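Grab your viewer and work through the exercises below. Each one has a task, then a solution in steps.

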Amino acid sequence: MDTPPPRRIAFIGGGNMASALIGGLLRAGRDPAVITVVEPSEAQRDKLAQAFCIQAQPDADARLADAATVVWAVKPQLFAEAAAPCVPFVGAALQVSVMAGVRCAAVARASGSARVVRAMPNMPALIGQGIAGLFATAEVEDAARTEVDALFAPTGASLWLPCEADLDAVTALSGSGPAYVYYFLEAMMQAAVEMGLTEAQGRLLAQHTFAGATALAQQSPLPPHELRAQVTSRGGTTFAAISSLDDSGVKAAFVKALHAARQRAAELGRA
Ligand SMILES: NC(=O)c1ccc[n+]([C@@H]2O[C@H](COP(=O)([O-])OP(=O)(O)OC[C@H]3O[C@@H](n4cnc5c(N)ncnc54)[C@H](OP(=O)(O)O)[C@@H]3O)[C@@H](O)[C@H]2O)c1
């Protein structure tokens, strides 16, 4: 029996997120020859060639029609412009979009394919430690979901969601989430300097504290509030800090901030 030809995958846009996915596929053993990239920037095409030995093409053409999967990885505001020249070639493929805020219906309309998976990855995908929320339209078959799992697995963890609207919450939690962590790191570093440490010392202490505390939470069966209780003895230093945070309403303000992010994600999806 003849072996079927390898499934080809095309990326529209060859920037940061596409590079994270392509790098992951290659590390997982995918043949670079099955990957097509449409990328108008010559500098970016050179980067792809150097990093991955992939010859990206500046424009869409009939070679795209061989792709079983098309990954949309352009900025959301450039989607319509990027899609127009691809439309004649991509209608039979599974469409995977990593574009923030672009609804499945919009991808289906622009591509001519109802088989759409929408993903919300996050920035640590660039180092294989991201988490992606995934949603598939009803037309996406199980084999295609498996293909999508293989696409995102090298970039970190992933989570399938039953409703597309859940992706707005994912955007608020993990999509925007790295910025919240950096915000807290900034605050810890500012306090470090105010208390006489150097910025570098503050950064080292703050980063290791985040990494270590998160790793411990991942390994522990205890919920975060119990882990916190373990380092908070009444009248002690941590107690003083948490009491100060509570007096300033920091937790409530943080929860409100995530609601604002989800609201904005929903608005952008409607735009
Ligand atoms: N990076 C993240 O952490 C992250 C997280 C979640 C979701 N996303 C989503 O991922 C998508 C890509 O983000 P990114 O950070 O990878 O952006 P990026 O680095 O700017 O990559 C987008 C690439 O698309 C290219 N492009 C522009 N117009 C094009 C066209 N007509 N046809 C084909 N390619 C075109 C751009 O080239 P030029 O530079 O010449 O414009 C650029 O190289 C966005 O929709 C974003 O919402 C990213």
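Buried means under 20% relative accessible area, exposed means over 50%, and partly exposed is in between, with a 1.4 Å probe and protein chains only. Helices (H or I, at least four residues) and strands (E, at least two) are DSSP runs, numbered from the N terminus. This is a predicted model, where local features need pLDDT of at least 70 and side-chain atom pairs count only at pLDDT 80 or more, while totals for chains, interfaces and linings use all residues. Residues are numbered from 1 along each chain as its sequence is written, and side-chain values use heavy atoms, leaving out hydrogens and water.

**Exercise 1.** Find which residues of H7 are buried, and what covers them.

Step 1: pick out Leu167, Asp168, Val170, Thr171, Ala172 and Ser174, the buried residues in H7.
Step 2: look for contacts, meaning heavy atoms within 4.5 Å. The cover includes E5, E6, helix H8 (177-194) and helix H12 (250-270).

**Exercise 2.** Is leucine 185 buried or exposed?

Step 1: locate leucine 185 in helix H8.
Step 2: check its accessibility; leucine 185 counts as buried because its relative accessibility is 12%.
Step 3: list its touches. Not counting residues up to four places away in sequence, leucine 185 meets Ala206, Gln207 and Phe210.
Step 4: go C-alpha to C-alpha from leucine 185 to leucine 205, which gives 9.6 Å in space for 20 residues in sequence.

**Exercise 3.** Say how far apart the centres of domain 1 and domain 2 are.

Step 1: take the bounds from the domain assignment (an automatic or database one): domain 1 is 8-167 and domain 2 is 177-270.
Step 2: over C-alpha atoms, the two centres are 33 Å apart.
Step 3: look at the contact between them, which takes five residues from domain 1 and six residues from domain 2.
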